[in-house]
Amino acid sequence: MREEIYQLSFLMPMPTLTQEKTVSKKDIFGLLVNLPNYYFEDKKHKTILYKENCFDVLPEFPENSIDMIFADPPYFLSNGGFTCQSGKKVSVNKGRWDVSKGLEETYIFTQRWLRECQRVLAPNGTIWVSGTSHIIYIVGSAMQNLGYKILNDIAWFKVNPPPNLSCRYFTHSTETILWAAKNKESKHYFNYNLMKKINNNKQMLSLWSIKAPGQLEKIYGKHPTQKPLELLNRIILASTRHNDIVLDPFSGSGTTGLAALKEGRQFIGIELEEEYLKVSIKRIKDEQRSLLLRR
Ligand SMILES: C[S@@+](CC[C@H](N)C(=O)[O-])C[C@H]1O[C@@H](n2cnc3c(N)ncnc32)[C@H](O)[C@@H]1O
């Protein structure tokens, strides 16, 4: 295991960093567990979930402490439209958290959480952010303004997309996932060899064909924008090492946490809605049971 030393300034609201401490990386998760208000924790597998607004929790985290962040933020596309689900016309509304408050507020919201994520990322850490055209250009622009270094824009091809009902557009079948390093000086980690190996020994392209999650991934309940486990597995394997600390500030049904647990990474998830946290916990407990059986 890597023994990296981080400079920590914690328990003070951003941006006032007053208390400086040096702890070894393996202790950081222990420090977070002792923060109040966590909703679920598993000390053995180092998994923790907060039922909070990420804007309230992130400032409590030590700077430079997180190895990788995956963020699937609200896309703000719940504005009364329709889509097709199992052959039926259904409302596209995902929930209150996904209602657009206009371009300017969306930019401010995006820049705010991206700034906090940049502060907590380790110097060589990376962040992945998913989005459709509703949000991804704002994310990219905010990242550039904050000084992130964009490494790749992955085109996730959803293979089995629902048809376009209006027949006035091409069928939407992709999402973009931006992968970025903390800043221009970062020496980011990329598991090139493994990515090549799982791609039949050919360099892995930035075009990923992965199906949307099926029923098996939803047996503990549904999340309207759940990401496939295969997508998160790939992201975690590509950009983290064993025991690294992974953070998801919009963790929904806990897909990132599940992938982190499967691959032996530590995980911190933040989610506003209890209903989704309950689904996450069931999924995580199920994986814990399988891990025990496999030993
Ligand atoms: C796009 S979904 C994430 C879905 C997740 N990737 C999954 O696989 O289940 C975004 C989630 O962020 C949550 N959310 C929205 N605003 C938030 C905030 N300010 N802090 C924490 N969670 C928030 C929503 O409740 C929603 O579950």
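Analyst: Helices here are DSSP runs of at least four residues and strands are runs of at least two, both numbered from the N terminus. Keep in mind that this is a predicted model.

Let's start at the ligand. Helix H2 (54–57) and strand E13 (266–271) each supply at least two residues of the shell around it. That shell has 8 nonpolar, 7 polar and 4 charged residues. Of the 19 residues around the ligand, the ones that come nearest are Asp 72, Phe 250, Gly 252, Ser 253 and Thr 255.

Thr 255 leads us to the part I'd pick, helix H7, which covers residues 255–262. H7 is mostly covered, with 7 of its 8 residues buried: Thr 255, Thr 256, Gly 257, Leu 258, Ala 259, Ala 260 and Leu 261. What do those buried residues pack against? Their partners are strands E4 (47–51), E5 (66–71), E12 (245–248) and E13, plus helices H6 (229–239) and H8 (274–294).

Now zoom in on H8. The axes of H7 and H8 are 9 Å apart and meet at an angle of about 15°. Angles under 35 degrees count as roughly parallel, so H7 and H8 are roughly parallel to each other. Their crossing is right-handed. H7 brings Gly 257, Leu 258, Leu 261 and Lys 262 to the contact, while H8 brings Ser 280, Arg 283, Ile 284 and Glu 287.

One last stop: just after H7, Gly 264 takes a positive phi of about 70°.

Conventions:
Residues are numbered from 1 along each chain as its sequence is written. This is a predicted model: local features need pLDDT of at least 70, side-chain atom pairs count only at pLDDT 80 or more; totals for chains, interfaces and linings use all residues. A residue is near a molecule or strand if its C-beta atom, placed from the backbone, lies within 6 Å of it. Ala, Val, Leu, Ile, Met, Phe, Trp, Tyr, Cys and Pro count as nonpolar, Asp, Glu, Lys and Arg as charged, and the others, Gly among them, as polar. A residue is buried if 20 or more other C-beta atoms lie within 10 Å of its own, exposed if 12 or fewer, and partly exposed in between; C-beta atoms are placed from the backbone. Two residues are in contact if their C-beta atoms, placed from the backbone, lie within 7 Å. Axes are lines fitted to C-alpha atoms, for helices over the stretch in contact, and angles run from 0 to 180 degrees between N-to-C directions. Angles under 35 degrees count as roughly parallel, over 145 as roughly antiparallel, 65 to 115 as roughly perpendicular and the rest as oblique. A crossing is left-handed if the near helix is turned anticlockwise from the far one by less than a right angle, and right-handed if clockwise.
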